[in-house]
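Open the model in your viewer and keep the selection tool at hand. The stops below go from the sheet to the loops, the rings and a pocket.

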Amino acid sequence: MITVNSDGKIMIRRCLVTLRPFRIFVLGIGFFTLCFLMTSLGGQFSAKRLGDSPFTIRTEVMGVLESRGVLRKMSDMLEMMVKRMDVLARLENSTDSRKGEEARFSPDRFQPVAGLMERIQAIAQNVSDIAVKVDQILRNSLMNGKVIEGRRDQCEVPRDPKYPDCSGKVEWMRARWTSDPCYAFFGVDGTECSFLIYLSEVEWFCPPLPWRNQTAAMPSSKPPPRVQAAFRNNLSYLLELIGSGKESLIFMKKRVRHLASQWLLATRSLAQKLKGRRRDQKQILIHIGFLTEESGDVFSPRVLKGGPLGEMVQWADILAALFLLGHSLKVTVSLKELQSNLGVPPGRGNCPLTVPLPFDLIYTDYHGLQQMKQHMGLSFKKYRCRVRVIDTFGTEPAYNLEEYATLHGYRTNWGYWNLNPKQFMTMFPHTPDNSFMGFVSEELNETERQFIKSNKASNMAVVYGKEASIWKVGQRKVPGHP
């Protein structure tokens, strides 16, 4: 009994020592195979998704072709391992000196070895089958890649009467596509196909290419869900939106604070009149162009030195009114903020916006209007109906229409924008052609009213002007003016 138990322990120990490394090896091979297959097939599928772009197909397909060779090498290695294990098993059978004990323990001893070899053979067969399937997928992918590559090399300018400007725009792109980095940002690389893809999918001068994935190229036209506007009863968040750092902004915030009680009283009164009427909340961008560094910001340094404050008074009142009505506001006083909010692509402003305009309305001035036209490309014409121009003294139609203004010599720095005259919003009701925006007039208490009434002159007039130069007649000043 002792001898048998001792021999049994020795035999079991030998089996464990012999088989444990193989088990670890098999587990390692299985884990490595799983990881490799996930990476390989993941790369294959990503390559198929990237097939929509004619600029990346060749690189992705070549990378997967290399993985097919690795799969074949793995299959060969597993077959070689099976052969070597078979040789080792035969060698151990021939050199064992204990025939009786060998016969007694052979079922327990070699059954794990046989099971291990069967598992390795099954893994080898699975890898071989997967290699065949991957080979079939790669063949189909290569065929599709060759078709797309051929299409890319054979792009021709379409002759479609619905797109009469297509050929001319392609000629322009051939000569000047490097003039603005925004073209490369949208994938233009100097090839004929990249010109047509840009002109049909980013701009709209050419028809869509039939071999392109139109559903991926077309942006989603579904508008976001509308939120109902609700009157606000606190101005603290508006003061944060206005910001600081400029004397003009500090002045505007002081005016909002000064009139806060009257603003809130007027808001409650209007809410009672509307009696819960449903109103859509507007997404509104307010870009005060004359405060940007690019326009010179000539007002801020003169706020505390007697400079003109009329524009800042009106802008402060516009901000307060729109905010208390419950609309969503974005306030910008720099060109960088304007570009970020509009979705302007990197470059010099020749390309359209990267996304549909997220704002229902844009309130700006002539400085901001010029900046928007410079950086929005074709999108400016597309969205200019959403612009409202705060124009202190108004713009007559004769100056607004570019062709008429040029023909009659009315071209000025603030005219010829071809907008609807109602899009110009004035401080005073100068003309019925424009819209009257106005500003808030402070309500006086009873004591202040009595004081003004008792000191009111019987005859008086008000004449206003920003600069002394306004009162010049030729080279002379108006008599009596200092």
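**The sheet**

Begin by selecting the six strands that form an open sheet, in the order E2-E1-E3-E4-E5-E6, with parallel pairing. E2 and strand E6 (435–436) stand at the edges with a single partner strand each, so one side of each has no neighbour in the sheet. Helices (H or I, at least four residues) and strands (E, at least two) are DSSP runs numbered from the N terminus, and two strands pair if DSSP finds at least two bridges between them.

This is a predicted model, in which local features need pLDDT of at least 70, side-chain atom pairs count only at pLDDT 80 or more, and totals for chains, interfaces and linings use all residues. Residues are numbered from 1 along each chain as its sequence is written, and side-chain values use heavy atoms, with hydrogens and water left out.

Next, select strand E1 (residues 283–287) and strand E2 (residues 328–332), which run parallel and are joined by five bridges. Between E1 and E2 the chain passes through helix H11 (residues 310–324), and this β-α-β crossover is right-handed (with the strands pointing away from the viewer, the path from the first strand over the helix to the second runs clockwise). E1 also pairs with strand E3 (residues 361–364), in the parallel sense, over three bridges.

**The loops**

Select Pro308, in the loop between E1 and H11. Is Pro308 buried or exposed? Pro308 is buried, with a relative accessible area of 14% (buried means under 20%, exposed over 50%, partly exposed in between, with a 1.4 Å probe and protein chains only).

Most residues other than glycine have a negative phi. Lys275 has a positive phi of about 50 degrees although it is not a glycine. Lys275 is in the loop between helix H10 (260–274) and E1, and is exposed at 74% relative accessibility. Tyr416, also not a glycine, has a positive phi of about 55 degrees. Look for Tyr416 in the loop between helix H16 (402–407) and strand E5 (424–426); at 23% relative accessibility, Tyr416 is partly exposed.

**The rings**

The whole structure has 14 aromatic pairs. Rings of Phe, Tyr and Trp (its six-membered ring) pair if their centres lie within 6.5 Å; planes under 30 degrees apart count as stacked, over 60 as edge-to-face and the rest as tilted. Select Tyr404 and Tyr410, a tilted pair with 6.3 Å between centres and 45 degrees between the planes. Tyr404 is partly exposed at 39%, and Tyr410 is partly exposed at 30%.

Then select Trp172, Tyr183, Phe185, Phe186 and Tyr198, which ring pairs link into a cluster.

For a charge over a ring (NZ of Lys or CZ of Arg within 6 Å of the ring centre and within 35 degrees of the ring normal), select Arg232 and Phe323: the charged end of Arg232 is 4.4 Å from the centre of the Phe323 ring. Arg279 lies over the face of Phe231, also at 4.4 Å from the ring centre.

**A last stop**

H11 and helix H13 (366–376) each supply at least two residues of the lining of the second largest pocket.
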